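Subject: Structure for you to look at

Hello,

Here is the structure I promised to pass on. Please open it next to this email and follow along.

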Amino acid sequence: MTRISLFSIALAFLFCVSAKAQITGDYVETRSADVYTGQCFANGEMGLTGDQAILAWHIRSGRWDGVKLDGFSVVAAVKANATLGDPYADPYPAKSVLIVDNRVNAREGAALAAFARHMGGELLANVVNVVNAPIDFQIVQEHHGSVLLRAGDFVTVQTRGINENDHLCGNESTFYPPLTQARDAMAAVAVTDRYSGKGLGMTWTFHDKRSAFVGTF
């Protein structure tokens, strides 16, 4: 292969990567285990909970696979095989349900789902159902961890920033990292974390857990 051919392939690859990367927006994640916690609390939850998660992306601007997605949102509900983030357990294969913004057309919906699968990686490798629903993703207090998310009748997430009353043992830290690529991610309290859809073999509702991340991508 000539040097020119190698150079052309490299340019094409870089163009493809940069085209997919030019997308920005807001991200929220909840888990069924505390992510901001002390070692003793985390050890008490490992193996017992932490195998459920909700991940949501709101695209402020950008394209994916050449499709403009400004203003659209996509949500994933996940049921894993073990506590997500436990270094001694394997959470895969996980099952997931994608909830896609119902304002999209077929091409936009396919691009939005492809974007979520890319961001979720192995966590979203086994999507068992894709549904369209109205999604309301609101940043209530930017930089303070307050988000309100509603996805049809399936998902409700409300978060708030962590305060001094959330320090239960005095040794808390961000014990787990976010499940996906996120910038400026801060741990937050999930005031409400609810999934009531089908496809995962279970539903859940949690309140007032230090189990959320709020950030951007």
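Below are the findings, grouped by topic.

**Ground rules**

This is a predicted model, in which local features need pLDDT of at least 70 and side-chain atom pairs count only at pLDDT 80 or more, while totals for chains, interfaces and linings use all residues. Residues are numbered from 1 along each chain as its sequence is written, and side-chain values use heavy atoms, leaving out hydrogens and water.

Helices (H or I, at least four residues) and strands (E, at least two) are DSSP runs, numbered from the N terminus.

**Two parallel strands**

Start with strand 6 (residues 95-101) and strand 7 (residues 127-133). They run parallel and are joined by 6 bridges. Two strands pair if DSSP finds at least two bridges between them. Ile99 stands opposite Val131 in strand 7. Between the two strands the chain passes through helix 3 (residues 106-120), and this β-α-β crossover is right-handed. Right-handed means that, with the strands pointing away from the viewer, the path from the first strand over the helix to the second runs clockwise.

Most residues other than glycine have a negative phi, and most peptide bonds are trans. Here are some exceptions.

- The peptide bond from Tyr92 to Pro93 is cis, with omega near 5°. Pro93 sits in the loop between strand 5 (73-79) and strand 6.
- Asp184, in strand 12 (residues 183-195), has a positive phi of about 55°. Its relative accessible area is 64%, so Asp184 is exposed.
- Asp208, in strand 13 (residues 204-216), has a phi near 55°, also positive. Asp208 counts as exposed at 54% relative accessibility.

The cut-offs: buried means under 20% relative accessible area, exposed over 50%, and partly exposed in between (1.4 Å probe, protein chains only).

**Aromatic pairs**

Rings of Phe, Tyr and Trp (its six-membered ring) pair if their centres lie within 6.5 Å; planes under 30 degrees apart count as stacked, over 60 as edge-to-face and the rest as tilted. The count is 6 aromatic pairs. Take Tyr27 and Trp57: the ring centres are 5.7 Å apart and the planes are at 40°, so the pair is tilted. Tyr27 is in strand 1 (residues 23-31) and Trp57 in strand 3 (residues 52-64), 30 residues apart. Both are buried. Tyr195 and Trp204 also form a tilted pair, with 5.2 Å centre to centre and 40° between the planes. Tyr195 is buried at 1%, and Trp204 is buried at 4%.

Which residues form one aromatic cluster? They are Tyr27, Trp57, Trp64, Phe115 and Phe217.

**Salt bridges**

A salt bridge is a side-chain nitrogen of Lys or Arg within 4 Å of a carboxyl oxygen of Asp or Glu. The whole structure has 8 salt bridges. Among them:

- Glu29 and Arg31 meet at 2.6 Å, N to O. Glu29 is buried at 0% relative accessibility, and Arg31 is buried at 2%.
- Asp34 and Arg210 have their closest N and O atoms 3.2 Å apart. Asp34 is in the loop between strand 1 and strand 2 (36-37), Arg210 is in strand 13, and 176 residues separate them.
- Asp51 and Lys79 have their closest N and O atoms 3.0 Å apart. Both Asp51 and Lys79 are buried.

Salt bridges that share partners join Asp34, Glu45, Glu172, Lys209 and Arg210 into one network.

Best wishes
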